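Please keep the sequence and the coordinates open while reading.

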Amino acid sequence: MIDFFSSDLSLWGLFLSSLLGATLLPGGSELVLLGVLKLHPDLFWPAVLLGTLGNTLGGMVTLGMGFMLPQTQQLKHVEAVRRYGTPALLLAWAPIIGDVLCLTAGWLRLNPWRAALFMAIGKFARYYLVALI
């Protein structure tokens, strides 16, 4: 049974879990990260980096969904994101509000490259701290 959870398959599972967990779909990838590290402690950095990459890409999907929303409707938390700009996406990792921040950033048409940078920094910090547990 343990052979089923090879290092490659574990990393792919973590990537997919972190990507989907950062979209509007429910789910989290922290337990998957901890499971991968329990089975493969030597994969600390690949797991943290792939989790960060997947979660950032998922956040960018949500940001892209915000780009597609018509600006005729008002979204919650717009003023906070407008005031802080892309640095607000340092909190994109946070449950519930992270999705709202990403969606709002897209709706506001914030710079996607800067958004990805701040998202990645925040998400990396979270995965790194979770991995240290």
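Helices here are DSSP runs of H or I with at least four residues, strands are runs of E with at least two, and both are numbered from the N terminus. The model is predicted, so local features need pLDDT of at least 70 and side-chain atom pairs count only at pLDDT 80 or more, while totals for chains, interfaces and linings use all residues. Residues are numbered from 1 along each chain as its sequence is written, and side-chain values use heavy atoms, with hydrogens and water left out.

Just after α5, arginine 109 has a positive phi of about 60°.

A nonpolar core is a set of buried Ala, Val, Leu, Ile, Met, Phe, Trp, Tyr and Cys residues joined through side-chain atoms within 4.5 Å. The largest one has 14 residues, and Leu63, Val81, Leu89, Ala105, Leu108 and Met119 touch the most other members. At least two residues of this core come from each of α4, α5 and α6, and α5 gives the most, 4 residues. A second, separate core of 12 residues includes Leu11, Leu14, Leu33 and Val130.

Is serine 18 buried or exposed? Serine 18, in helix α1 (residues 7–21), is buried because its relative accessible area is 0%. Leaving aside neighbours within four places in sequence, serine 18 is in contact (heavy atoms within 4.5 Å) with Ser29, Leu50, Gly51, Gly54, Asn55 and Tyr127. Leucine 31, in helix α2 (residues 30–39), is exposed, with a relative accessible area of 73%. A pocket is an open set of points on a 1 Å grid over the protein atoms alone, where a 1.4 Å probe fits, with protein on both sides within 12 Å along at least five of seven lines; lining residues have an atom within 4 Å of a point. The largest pocket holds about 270 Å³ of space, the volume being that filled by probe spheres set on points joined across faces, edges and corners. Its lining has 21 residues, with Gly21, Gly27, Trp93, Ala94 and Pro95 nearest the centre. The largest share of this lining, 3 residues, comes from α5.

Technical notes:
Buried < 20%, exposed > 50% of the residue type's maximum accessible area, 1.4 Å probe, protein only.
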